[in-house]
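The exercises below go with the sequence and structure shown next. Work through each task before reading its solution.

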Amino acid sequence: MDVPKIKIDEAKLLQALEWTEACFPLEIRREAALVCADYVRANSNPLFDAYLEKLDFGTGGMRALVGNGPACMNAWTVAKVSFALCLYLRKTSLNKNKKLALVIAYDSRKTSYEFAQTAAGTIASMGFKVHLFQECAPTPILSYAVRKLKAQAGIVITASHNPPQYNGYKIYDSNGSQFVGVAQEKLEACILSIKNWSQVPFSSPKTLIYKKNVIRIGYQIKRSYIKELGACEFVTSAKNPKKPPLKIVYSPLHGVGAAWMEPLLREHGFALDIVKEQAKPDGNFPTVNYPNPEAESSRELAKKLAENLRADLFLITDPDADRLGAGIRNDNGSYRYLSGNQLGIIMCAFLCENYAPKQKTKLKSKKAMIIKSIVTSDLQSNIAKRHGMDVIEVLTGFKYIADHIRILEKKKDLSRYVFGSEESHGYLPVNFVRDKDALASALLLCEILAECGNLNAYLDQIYLRYGLYLEDLKFLTLKGSSGKKKIASAMERLRKSKISDWKIGDRHVVSIIDYKHQLKNAKPNPKFFKSLPPSDVLQFLLEPDGKLTIRPSGTEPKIKLYASLSYTGKISTREELEQAKYKLKNELHSV
């Protein structure tokens with residue numbers, strides 16, 4: 001009987017064979033050799049994805065399972081990217097004689113400190129100065145530190161809210177922003193230019209060059225950040241006699257947040273009760289299956305403590321403290337968890353109503369602005385426009401918001417910036433950080449609660465003033481290379497479908513936006529896509545007012561569906577608002 005021939009991808013095979021070279025430990029070389037042998041013989045092997053696939057940059061940098069192989073997070077992939085970053089900085093540096101500096105931070109994951117040391121050793125070997133945080137620190141603080149220390153770049157080792165088996169590597173430029181556009185393309189070209197793993201230098205903390213070039217930082221950055229945040233217009237004095245003594249519960253979900261959130265809020269007049277079971281950094285995340293404020297299971301302990309203490313508010317941050325979640329007490333004593341969109345709406349409205357008028361006076365002929373992602377509630381746009389402000393829409397990924405802030409700063413228009421947000425619990429109410437910041441956002445939310453007294457009532461006031469919008473998110477997880485293929489196939493099938501004929505609920509699809517091919521209703525539209533780079537996103541505009549957006553996640557093996565609908569009838573009372581919410585929720589479920 002003839003044995004069927006298998007089609008071998010030679011590029012993938014050669015990639016796996018590289019890991020059999022002498023620069024790798026013997027056990028890894030043996031593992032790689034076995035993978036190659038199984039691949040050629042058409043045997044199954046659970047390590048195929050680790051050795052035959054590659055690790056790419058997504059919306060949040062490089063993120064993957066921890067393990068051996070070029071598609072995983074390990075000391076070699078970390079060192080290689082660090083080496084490539086050094087090559088990129090040398091090529092692009094305007095002052096060739098200046099000793100370049102980088103900042104490195106890391107989260108509470110099991111391998112994060114080791115990977116941070118690996119990156120520091122490689123960069124120190126290249127003759128660069130390294131500012132390494134002495135303890136795990138929030139991602140937004142890395143962004144702040146890059147700017148404060150006038151470094152040429154920054155690195156944070158984190159997988160954000162992913163499960164404990166993951167880790168990641170995010171790179172920031174001298175503006176404290178993640179790499180985007182041409183800069184990212186050039187950096188990726190530098191990574192690809194490294195053909196031989198033996199080129200990559202390693203230096204342990206015991207070596208002379210590591211000791212000479214690596215400096216520990218932390219305390220001064222924390223004090224500087226807290227002081228600068230205290231100077232923001234939305235922060236009232238802690239000594240203000242009108243500031244109510246709020247009871248606030250907080251959980252960092254075993255992440256880095258507690259050591260930063262507690263002193264920050266205390267300094268500005270807010271006391272915290274921290275969930276003890278989740279207070280200490282622990283990369284195993286023993287009390288949560290998924291350490292993400294979006295996940296209902298992550299809120300259970302914070303909600304329980306809030307109920308016991310009759311707290312006014314409970315706060316949750318993800319492990320690297322860039323995403324913020326919050327629950328507020330209802331009049332009957334129960335607690336309501338605010339969606340990412342609702343939190344953003346509250347912050348946006350408060351800033352627009354209270355601080356945009358002041359900025360309008362300062363700006364004179366120019367308009368203040370907010371920046372939001374294309375899947376974030378359009379209610380924010382309504383609010384900003386009602387106050388005479390500009391709205392910038394960007395692709396999903398906070399780096400695109402940060403890039404627009406960078407452009408404002410370059411034009412000396414930084415004072416125009418008021419607020420940036422994503423529906424996935426990412427907010428930035430300050431202009432001296434270039435990533436979503438749960439610390440600053442938590443302080444703002446506490447100030448809003450102190451000012452307004454009841455966030456439920458304030459949110460209803462927003463709906464009555466600016467319009468009722470409700471949103472929902474669904475996703476499907478498809479892991480591995482087979483999952484990637486299924487997601488890609490699903491997106492292409494949608495592009496070929498006659499979606500313009502669809503009726504979704506009681507609303508008709510009236511426009512289709514293909515961000516990947518830069519098409520609006522199947523036609524090129526350069527004006528619409530002027531500041532939007534190609535991205536694998538499909539958006540369907542509905543009539544009356546609504547939209548559906550479908551996109552693969554850039555950081556997780558998921559395909560996501562976002563739905564947003566507005567209520568088109570007239571609402572003038574709280575009773576009518578409750579009826580409208582009920583109708584809109586039912587329609588959202590049907591969609």
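**Exercise 1. Strand pairing**

Task: Find how many bridges join β15 to strand β16 and in which sense the two strands run.

Solution. The model used here is predicted. Three bridges connect β15 with strand β16 (residues 426-428), and the two run antiparallel. Within this pairing, E422 stands opposite G426 in β16. The two strands form a hairpin with three residues between them. In the turn, H425 has a positive phi of about 65 degrees.

Next comes the other partner. β15 also pairs with strand β13 (residues 369-373), in the parallel sense and over four bridges. Here K372 is the residue that stands opposite S421 in β15.

Strand β15 (residues 417-422) is mostly covered, with six of its six residues buried.

**Exercise 2. Two helix pairs**

Solution. Two numbers are needed, since a pair of packed helices is described by the angle between the axes and the distance between them.

- Step 1: the contact brings I141, Y144, A145 and K148 of α6 against I221, S224, Y225 and E228 of α9. By class, these residues divide into five nonpolar, one polar and two charged.
- Step 2: from α17, the residues A457, D460, Y463 and L464 meet R574, L577, E578 and K581 of α19. This contact has four nonpolar, no polar and four charged residues.

**Exercise 3. The nonpolar cores**

Task: Identify which residues touch the most other members of the largest nonpolar core.

Solution. The largest core has 122 residues, and those touching the most other members are F133, Y225, L229, F234, L315 and I462. Helix α16 (residues 438-452) supplies the largest share of this core, eleven residues. A second, separate core has 44 residues, including M126, F128, I171 and Y210.

Now take Y225 by itself. Not counting residues up to four places away in sequence, Y225 touches I141, Y144, F432, V433, D437, L439 and A440.

**Exercise 4. Two single residues**

Task: Decide whether E587 and L476 are buried or partly exposed.

Solution. The cut-off for buried is under 20% relative accessible area, and partly exposed lies between that and 50%.

- Step 1: E587 is placed in helix α19. Its relative accessibility is 15%, so E587 counts as buried. Beyond its neighbours within four places in sequence, E587 is in contact with D506, R507 and L565.
- Step 2: L476 belongs to strand β17 (residues 469-477). With a relative accessible area of 49%, L476 is partly exposed. Leaving aside neighbours within four places in sequence, L476 is in contact with P557, K558 and I559.
- Step 3: compare sequence with space for one pair. L476 and A442 are separated by 34 residues in sequence and by 30 Å, C-alpha to C-alpha, in space.

Terms used. Residues are numbered from 1 along each chain as its sequence is written. This is a predicted model: local features need pLDDT of at least 70, side-chain atom pairs count only at pLDDT 80 or more; totals for chains, interfaces and linings use all residues. Side-chain values use heavy atoms; hydrogens and water are left out. Contact means heavy atoms within 4.5 Å. Ala, Val, Leu, Ile, Met, Phe, Trp, Tyr, Cys and Pro count as nonpolar, Asp, Glu, Lys and Arg as charged, and the others, Gly among them, as polar. Buried means under 20% relative accessible area, exposed over 50%, partly exposed in between (1.4 Å probe, protein chains only). A nonpolar core is a set of buried Ala, Val, Leu, Ile, Met, Phe, Trp, Tyr and Cys residues joined through side-chain atoms within 4.5 Å. Two strands pair if DSSP finds at least two bridges between them.
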